[in-house]
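Work through these exercises with the structure in view. Try each task before you read its solution.

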Amino acid sequence: MKVSYQWLSEYVDLHDITPYELAEKLTRSGIEVDAVEPCNAGVSQVVVGYVKEKSKHPDADRLNVCIVDAGQGEDLQIVCGAPNVAQGQKVPVALIGAKLPGDLHIKRSKLRGVESQGMICSAKELGLNDKLLAKDQQEGIMVLPEDAEVGMDAVSYLGMDDYVLELGLTPNRSDCLSMLGVAYEVAAILGREVILPEIAVVENGEDNPVTVEIEAEDECYRYVGRHFTNAVIKSSPQWMKNRLMAAGIRPINNVVDVTNYVMLEYGQPLHAFDAAMVKDRSIVVRLAEEGEKLVTLDDQERELDSQTLLIADREKGLAIAGVMGGANSEITPETKEIILEAAWFTPQTVRRTSRKLGMRTEGCVRWEKGVDQARVQEAGERAAYLIQQLSGATVSKGQATATVREPKAAAVSVTLSKINQHLGTALSAADVTPIFDRLQFPYEQNGEEWAVTVPTRRGDITLPEDLVEEVARLYGYDNIPTTLPEGMTTQGQLTYEQKIRRTIRRHLIGAGLNEAISYALLHPEKAEEVAGLHEIAAKPIPLAMPMSEEHSVLRISLIPSLLQTVSYNKNRQNHNVSIFELGRVFLSTEEKLTQLPEERLYLAGALTGQWLPTNWMGQTQAVDFYLLKGLVESLFASLGITGVEYRAQANLAGMHPGRTAEAWVADRRLGYFGQVHPATEKAHDLAETYVFQFDVEELTKAAAPVGHYNQLPKYPAITRDLALVVNRDLPAYALESVIRKAAGDLLESLTLFDVYTGERIATDKKSMAFSLVFRHSDRTLQDEEVQQVTQAVVEALRTETGAELRM
C-alpha cells in the first residue's frame, strides 16, 4: 500500500510530524514502512508558464522559438524542440538556475544563434513516471490543464512536494489498504482525531430507474446502485491525478478516477457502468453459465464457469464481480448516463475467480483480504458526491439496493490480568482504557474487564489475544519490560527422523556424492518416465497457472529431476556425475484435486561416467551395477539396517529389466536401484547411468541405532573359503542366509568374493565363492570346532539350496 503523506494529512493533523518520523512511529507500532520516497526527484525553480507565441527557428527546421509568460514580470524567449508545443498552452518552465533530475542545471544559452532563457519540460524531464500519464502526455512537452495559474510553483501544482510511504502489510491488516484505515491507525498512535471526508450528495434528478436483484445470495451480501444523468466525461483535476499517481494508478477520466480514488480512500472497490448499455437499467447479480463469455476492459475474451459471480442485465453479462468490468458497458467520452456500483462480494468468490482467470487487480487484492461491510453505502455516497462535483452530473433520487445479510460487529472481551499475563507487564486499568479510546473501539468496562465491540473495519480482531496485541502495540513494544524465562527447560535435540536424514546426508557426501536440490515441478511427459515407489495409481498433479510447460506438474518420483541434472552437466562437458537428493514427491489419485496430495520424502541418486574417488595410482573405476550396490549396502550399514533381501526386478518403468533390483526388509520394500533403461538414457542423451530411489519413511522404520563400540578382539580368527556350484538363477542372499543360520554365533563375517561361469561349469550352473571368518570372543578356536561348523554349513547348503562344493 502506497500512502501519500499530503493526502493522509487531510484526515489526521500531521503538522508537527515529518514523513520519516511518521514512518518510524508506524513501524514501531507494528505497521512496517518499507520505504519513504519523496515525489520530487530533484526539481527546483520550475513554474507554470503560458506560451504566448510560437514561431519557427530561423536556422533549424525542428526547433521552435516560443515567447512564454512565466510570471516573472518579463516574457521569456525559449527555444523548444518538442513537436507538440503550441501557442496557448500552459506548460512547466524551468527558469535560469533551475535544477532537474540527473544533476541537470538550466543556464542561459544559445541554440543555433537564438538565445534561450529557460526550458519547457516534459514529464520525464521532471522525473515523473510517464507510464502513469495519458498517452498524449508521454511524448513531447507536458501540457498542463487550464486551471494551472501562471507563475505558480509547478512542483507544488504537480504534487511533487509530497512523500509516499510504502507499507509492508501483513495479510491480517487489510484495514490499512485504505487511506482512512491508515488514518485511524495514525490517529491512534498520535492520540488525535480522524477527520472524515465530505459527503454531500444533492439529489436533483428524477426517481432512480435502476433495479437490483441478487440471485447468488451466498456470493453477494449487498448491492447498492446510484444513477446519474447529464454527466460530462473529461479529465480529472490535477489534485486527484496527483494522488492516484502517487498510489501507482494511471488516471483515465473523471468518473473512473473517482471509483479508483474512493477505493484508495475507503478500501471499497467500486465500478461505474454506462447506463445506456444496461438493458432496462436492471442489474442482476448471478453466477455465470458454464462456458459463458465476456470481453473485459482489457479487450480479452474471458470464458467463465458456473462458479464465477457475474454482474449482468436481463440479456448479458456486464462485469466479473470484484475483478474487472466488461467492455460492453465501459465509460467512454460519449457517456452521459451512469450507474455506480457499490457492493460486498465474499472474498473467497473473488479469489477463486481471480486465480481461475489469471487476473490480479487492485480491487481483487482488497476483496481477497477483506472489505469493511459496514461502509459499502458510505463509500458509494462519497463516490457519488465526487462524480457530481467533477462531472456536473444530475443525481437521481434514491438508491437501488438489495441486501441479503447485514454486517455484524464482533464482540470480544478481555481482562486486565490476561493482558498483563501475556505481556509480562503491570499495567493498570487507567493505562489500558485510553488505548481503546484512541483506537476508537466502543466498549463497556466492568471493573478490570472490557467488553469491546470491534468496528467492522478491523476484521482481524476476533480473539482476546488480538486485543492484547492492540494494547501492546499502542503501549509501545519498547516499554514492555525484559524478563528472563522461568520454569523447567529441556535440552534441544534432533528427532529420530532428523537424525536419520542427517546420517544419510553425511554418509553419501562422505562416499563422494554431491547433494542436489532440484525443482519439484516437471514437464508432464517427464514426470512418469521413471518409476516411483508409490503403491497407488498416482498421477502427476497439474498446476492451475504454471509459469511454463517445463514446470507444470508436481513430481511423483525424484529420478526424472536428477536425470535432467545429469544431462545438464553432460552438456557442459562434465561426464562424471555422482549426485543424490532428499526431496518430497506429491501423490494423489484424483484427476481434479479436492484434497491435498500425500507428500512423501524420498532419497534418490544418479551416477554416470567414472567413479571419481581414485586410488593412489590415479586409476578410476567406471560406474556399474556392483559399485552402485556396494554404495547402497554401505548406506544401509551406516543406518544399522540388517537382513536386507535383494530381489531382481524386471518391470519397473524406465529401468533396465536385467540390471535392476529391489531392497526388501521382511515384508517392506525400501526402494530400488539399478541401471536406467537404454531408451530413457537415449532420450536424455546419456551414457550408462545408474540410479537408486528409497522411501525415507521405510528406511527410518528399518533403521536401528548405530554408533555402538565393541572391544578389540583378543583371540585370533580362523578363515575358511567355500567355492559352491549352484543353479545359475539362485541369488547370493539365499546362500548367505543359509550360511549364517548354520554357522551360528561363531561366524564373525561373511563375504562373497568371486562369481564364475565358464569352463568346467555347466551352462545352467555358476560358481560362487564365500570367505567365512570365525572367532570366539572368550577363547581361541580349535581347527576341529571350525571344521565341524564348516561341515554343518556345507550340509545345510546341500540340503536347502542344492549347492555342491566345487572341486
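What covers the buried residues of H12? Among the elements that do so are helix H4 (179-190), strand E25 (410-415), helix H10 (416-423), helix H11 (429-439) and strand E27 (449-454). Keep that picture for Exercise 1.

This is a predicted model, where local features need pLDDT of at least 70, side-chain atom pairs count only at pLDDT 80 or more, and totals for chains, interfaces and linings use all residues. Residues are numbered from 1 along each chain as its sequence is written, and side-chain values use heavy atoms, with hydrogens and water left out.

**Exercise 1. Check the span of helix H12 (residues 464-475), then find its buried residues and what follows the helix.**

Step 1. Helices (H or I, at least four residues) and strands (E, at least two) are DSSP runs, numbered from the N terminus.
Step 2. The expected span is 1.5 Å times one less than the number of residues.
Step 3. H12 has 12 residues, so it should span 16 Å. Its end C-alpha atoms lie 17 Å apart, which agrees.
Step 4. Buried means under 20% relative accessible area, exposed over 50%, and partly exposed in between (1.4 Å probe, protein chains only). In H12, the buried residues include Asp-466, Leu-467, Val-468 and Glu-470. Val-471, Ala-472, Arg-473 and Leu-474 are buried too.
Step 5. Just after H12, Gly-476 has a positive phi of about 110°.

**Exercise 2. Describe how helix H5 (residues 238-246) packs on helix H6 (residues 254-266).**

Step 1. Two packed helices are described by the angle between their axes and the distance between the axes.
Step 2. Axes are lines fitted to C-alpha atoms, for helices over the stretch in contact, and angles run from 0 to 180 degrees between N-to-C directions.
Step 3. For H5 and H6 the angle is about 55°, and the axes are 10 Å apart.
Step 4. That makes H5 oblique to H6. The classes are: under 35 degrees roughly parallel, over 145 roughly antiparallel, 65 to 115 roughly perpendicular, the rest oblique.
Step 5. H5 contributes Trp-239, Met-240, Arg-243 and Leu-244 to the contact (heavy atoms within 4.5 Å). H6 contributes Asp-257, Val-258, Asn-260, Tyr-261 and Leu-264.

**Exercise 3. Is Ser-396 buried or exposed, and what does it touch?**

Step 1. Ser-396 sits in strand E23 (residues 394-397).
Step 2. Its relative accessibility is 4%, so Ser-396 counts as buried.
Step 3. Leaving aside neighbours within four places in sequence, Ser-396 contacts residues including Glu-203, Gly-205, Glu-206, Arg-226 and His-227.
Step 4. Glu-206 is 190 residues away along the chain, yet the two C-alpha atoms are 5.1 Å apart.
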